Amino acid sequence: GDLPNIKILATGGTIAGAGQSATDSSYTAGKVGVDSLIHAVPQMTKIANISGEQVVSIGSQDMNDEVWLKLANRVNALLAKDDVDGVVITHGTDTMEETAYFLDLTVKSDKPVVLVGAMRPSTAMSADGPVNLYNAVVTAVDAESKGRGVLVAMNDTVFDARDVTKTSTTAVDTFQSPNMGPLGYVHNSDVKYQRSPERHHTTETVFDVSKVKALPKVGIVYNYANATDLPVKAMVDADFDGIVSAGVGNGNMYHTIFDGLAKASKDGVMVVRSARTGSGSTTLDAEVDDAKYGFVASGTLNPQKARILLMLSLTQTQDYKEVQKMFQYY
Ligand SMILES: NC(=O)C[C@H](N)C(=O)O
């Protein structure tokens, strides 16, 4: 028929989780396969031709570079075909924001890519997975979704990959876009958009992982009162290519971490200052003389997303000024 063709790629997570009973909050993620997910929401077949593929079956706490590269390449291959109009990816919520941003920077298509998950397992009372999956397909078939970058559809809300973050361990409205607000809302099988992301994404990025076998090694160091610099030392000893500091306030660091990262930067490790605050921008040269130490400021990217942009930037350049530009454009 004339319905759009949507491919559902399943990776596991709570949306595919199964527990002992409807009232038990303990469960195992990634138990239910893609066909069961699709069969649970027959209403989707009224708005799209749906087919499914199981990519992996993991709790997203175990998401890793290998799966990201596999997903990016698979999504690019699918969207290059005339008979695929959009991709929906079912995913655990723990690291959904990271996978979404990785794909936002590495998928080379205008066609919609929508990540979706659930906070309650499929066996729970008022499971949120089925309606979230339906709304993700609604979002993927909407012509207005084209060219907005990789999207996250959760709890009747559509977010951009760059700003969305998980803000609650258990609430169904856990996903928020603290700096920019949502892109739009889903209601009655329809998306109403209110804005578009301004930063470069998908077809506008320079990143190409089609030939990348392994991503650069980048870790995150957390700052807090009386912090230890042991993680900095361990990462430097292990030859990490980059380190993101999850700073206090406007990307500030505990003094021992600062000294360790200043030395690491001098020795060729790319250092990005980010913030553990949950919102706001880590601004260049605010309380730290970034130019003096060769540090990069993350802007509104949180530490886990700054890590992704740093890894991809390091596939292109080793010059901190060029990396700083990436953090201005992406
Ligand atoms: N709600 C969830 O999906 C949590 C789960 N641990 C996951 O990310 O896979």
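Trainee: Start with contacts. Among those between residues at least 6 apart in sequence, what share joins residues at least 24 apart?
Mentor: 71% of them in this protein. Contact means heavy atoms within 4.5 Å.

Trainee: What should I know about the model?
Mentor: It is predicted: local features need pLDDT of at least 70, side-chain atom pairs count only at pLDDT 80 or more, and totals for chains, interfaces and linings use all residues. Residues are numbered from 1 along each chain as its sequence is written, and side-chain values use heavy atoms, with hydrogens and water left out.

Trainee: How does the radius of gyration fit a compact globule?
Mentor: It agrees: 330 residues would give near 20 Å, and the protein has 20 Å. That is over C-alpha atoms, and the rule is 2.2 Å times the number of residues to the power 0.38. The C-alpha trace spans about 60 × 45 × 35 Å along its principal axes.

Trainee: How much is buried?
Mentor: 54% of the 330 residues. Buried means under 20% relative accessible area, with a 1.4 Å probe and protein chains only.

Trainee: And the largest nonpolar core, which residues touch the most other members?
Mentor: V88 and F102, out of 81 residues. Such a core is a set of buried Ala, Val, Leu, Ile, Met, Phe, Trp, Tyr and Cys residues joined through side-chain atoms within 4.5 Å.

Trainee: What does F102 touch?
Mentor: Leaving out residues up to four places away in sequence, F102 touches W68, L69, A72, V209, L215, I308 and L312.

Trainee: Where is the second core?
Mentor: It is separate, has 15 residues, and includes I243, A262, V271 and F295.

Methods:
Buried < 20%, exposed > 50% of the residue type's maximum accessible area, 1.4 Å probe, protein only.
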